[in-house]
Structure formats: structure tokens, C-alpha cells
Amino acid sequence: MACATSAGSAASPTNLRPTAGRRGQTIGQALSLTALGLALLAATPVANASAAPQDRTGQLVASAQHGKRAKATPRADQEATRYAGNAAAQALAAEIAQRRGWEQDWVAHWIGQAQQLPSVMRLIAPAQPGMAKNWAAYRARFVEPIRIEAGLRFWQAQRETLERAEASYGVPAWLIVGIIGVETLYGRHTGNYRVLDALATLSLDFPETHPRAAERQAYFRGELETLLQLSREQGVSPDAWRGSYAGAMGLPQFMPSSWTRHAVDFDGDGRIDLRTSAADAIGSVANYMQQHGWRSGMATHYPVRLEAGSEDLATLLAPDIKPSFDAARFQALGARLEQPASEHAGPLALVELRNGDPLQGGSAPSYVAGTENFYVVTRYNWSSYYALAVIELGQAVQAELTDPGAAR
């Protein structure tokens, strides 16, 4: 979430959005696959729409937008009403205007122009309990021929820009390509919601039944304020921004706060445009990853062979996906590594990816040993499923680039 899912992409995710690390032929077909995959992401706590408020992309937030729960569109909000005259909206406008030193009438006008969207309130709700995560099914939605082919064309068209981003930020081109591919299918699905409406709804009418309603509402109020700031700085009407149901925008699905903190003018035209400039999106994703601790040359994860008993497994999984064990301790607890993983210098995490409910015909979970770089990828969208899908899509596109047909 940059984007929280959850917001307009695989995200959120987005997105868009649970605490860090808790457990997303024809183009139309490709988007349909994205929708199915993001439904699974909606069941996976991520950091856009449902994560703790902090700097993030709209990924998580964006992520859930493509999910089954996100089939509603802005056109479905027939009962939408404007916030003009709403006492809470007027109070929020006065608060923002005073804090920022802006004209209160201007702030009140734009918040008053926003519409309350019932579909947004439904979509932001946590996934229903009992929805089993399935890594194999989730992966199949993103690491598939149509998305790989689209990624190949994107890489070929943006080769020089990707090389420059990798040289400038130390973030590999395949990772940037994987993120943009999972998020928005390389700009083909960036969201149709008016971001002003989405953020106003989540600022003023966040569902009280949400387990973290107060925290989430405060986060979205900050994003609404930042959207107004972004509008003033860029000379864009506040109602002109389009994005996910949680407010993530552009090719990389950045939330407004991530846009202001991490977006860069990578094409050198004097303005930052994540909506139409692939170069700005590429540079901004690379900058985001670097700022969140990406280490050039470090692997994201390693294969692991699990021999841990129940107590040791519980110990390994307790930190969730936060790298917490050196290689020796990791193996002493029954998570066996091969070289070069056994010589990895930094901490590792045992990452568990469920493959459905075994009682309902699902398979045993999959496991990888995640490094600090794997954890960095989850800062874009707080989901291990999302992170591994991004990694494997990007690497599949790279394989296709260097050896056509290899990833098929």
C-alpha cells in the first residue's frame, strides 16, 4: 500500500493495508485472474487498508480492490450522498485548515464535494473468518503467461529506465517489474474510484465494527489531508484523482503519503506523475524500496526443509515474517538450509504460506526462509503471499527476457 491493497491493485491492497507480516487469451482474462487472486489477498492481512497506520504504499489497500469482494464499482453507489453540510465533515475541514494554514472555505468546499460511498465501507471490512489462504492458487493468478508477457513488453519498452533505477537505487529491475505487474498489470488497472470520495468516506464513516476502527480512521484522515496537499502542490483539482477504493493511485498504487514521501521525478520533466509516467513509477518504486531498507545483492529468500517438532515450529513462527534467527539457530530449531543459505550473514524468518485447509482437501503449507530483503518487500504490502508473488513474477519476466520460453 506505498499502496494498502490494498487500494487499487493486488494489492490491496494496497492496497491496502493486522500488524506487519501477519498471516493478490485476452487482457480481459488477465484482469479476471487478477480479481480472483486479490480475493485471496483480501484474506491475507496486509498493510494498505488494514495495517497499522504508517508510511506505506497503496498496495495493500490496493490489493483487495481486485478481489471478489471488490466487484462493486463507483457506479454501484447509487445511494451515495455528498458530505456538504455534514457536521463531522465541517469539523474535519476546520481542523485541517487550521493545522495547515489553508483557507477554511477551500478545505470545506472540497470535503463537502466528496461523496459517501457505501461500497467503500463494505470493501474495507475485514475478510470473513474461515476463508482459507492458498498460496498455490494465489501464485497462479499472478505468475501466469499473460502477466509474464505483459511484463516482458513493459521491460523491453522501459529497459533503459529500469537499468538507471537499478544503478541509482540498488533495487533490481525484476523486483520493480514484479511490483508494478502485480499492482496494476503495468498500468492497465489503476482504479476508477474518485480518491477524494474514497478517503472522505473512510475518514468520516469508517465502519465502527472494524476491530481497529479508530486507528484506521485516523490513518485515512491523514491520507485525505495529504491528498489535498498533493492537489495544491501539483495544481490538480482534488476531485480529479482516480484510484482504488482505499485511495491508492497510479501505476505503483501509492497512497498520498507515500506519493509525497517517496515519489520521484525520474523522467526529468519537472513534475512527478505516477499516473501516466512509467519512468516516474519505476523510479518511485525503487526509491520506496531503498528507503525501506533494501540491500543490494542480498537474496530475498531461500528454500528450507522443515524437520522441526511442534514446539520448535511454534518458536520459528512466533516472530511471523520478521527475520529473527541467525542461520545456526534457524537450523538448530529444525529448519534445514543448503548453501549458500546456511552461510547467510543476516537474520532469517520462517515464512509459512498456507495451501488451503487440509481438512477441506488442501495441501500442507509451503515454507521459505525469508531474509531482510523479503521483509522489505512486505513493507510495500504487508503480506508474505504478495511478496513472494511479486518476487516470482519479476523473476519469471526476467527469465523470459533472457531466455524466451523459459518461464512458460
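Guide: UniProt positions are given here in the numbering used for this structure, with feature names shortened, and annotations may be inferred rather than shown by experiment. This is a predicted model, in which local features need pLDDT of at least 70, side-chain atom pairs count only at pLDDT 80 or more, and totals for chains, interfaces and linings use all residues. Residues are numbered from 1 along each chain as its sequence is written, and side-chain values use heavy atoms, with hydrogens and water left out.

Visitor: Where does UniProt place the feature "active site"?

Guide: The unreviewed UniProt entry places that feature at E183. E183 lies in helix α9, residues 173-184; helices are DSSP runs of H or I with at least four residues, and strands are runs of E with at least two, numbered from the N terminus.

Visitor: Why is E183 called buried?

Guide: Buried means under 20% relative accessible area, exposed over 50%, and partly exposed in between, with a 1.4 Å probe and protein chains only. E183 has a relative accessible area of 0%, and therefore counts as buried.

Visitor: What makes the pair of F154 and Y186 tilted?

Guide: Rings of Phe, Tyr and Trp (its six-membered ring) pair if their centres lie within 6.5 Å; planes under 30 degrees apart count as stacked, over 60 as edge-to-face and the rest as tilted. By this rule there are twelve aromatic pairs. The ring centres of F154 and Y186 are 5.1 Å apart and their planes stand at 35°, so the pair is tilted.

Visitor: What is the pair of Y288 and Y380 called?

Guide: Y288 and Y380 form an edge-to-face pair, with 75° between the planes and 5.1 Å centre to centre.
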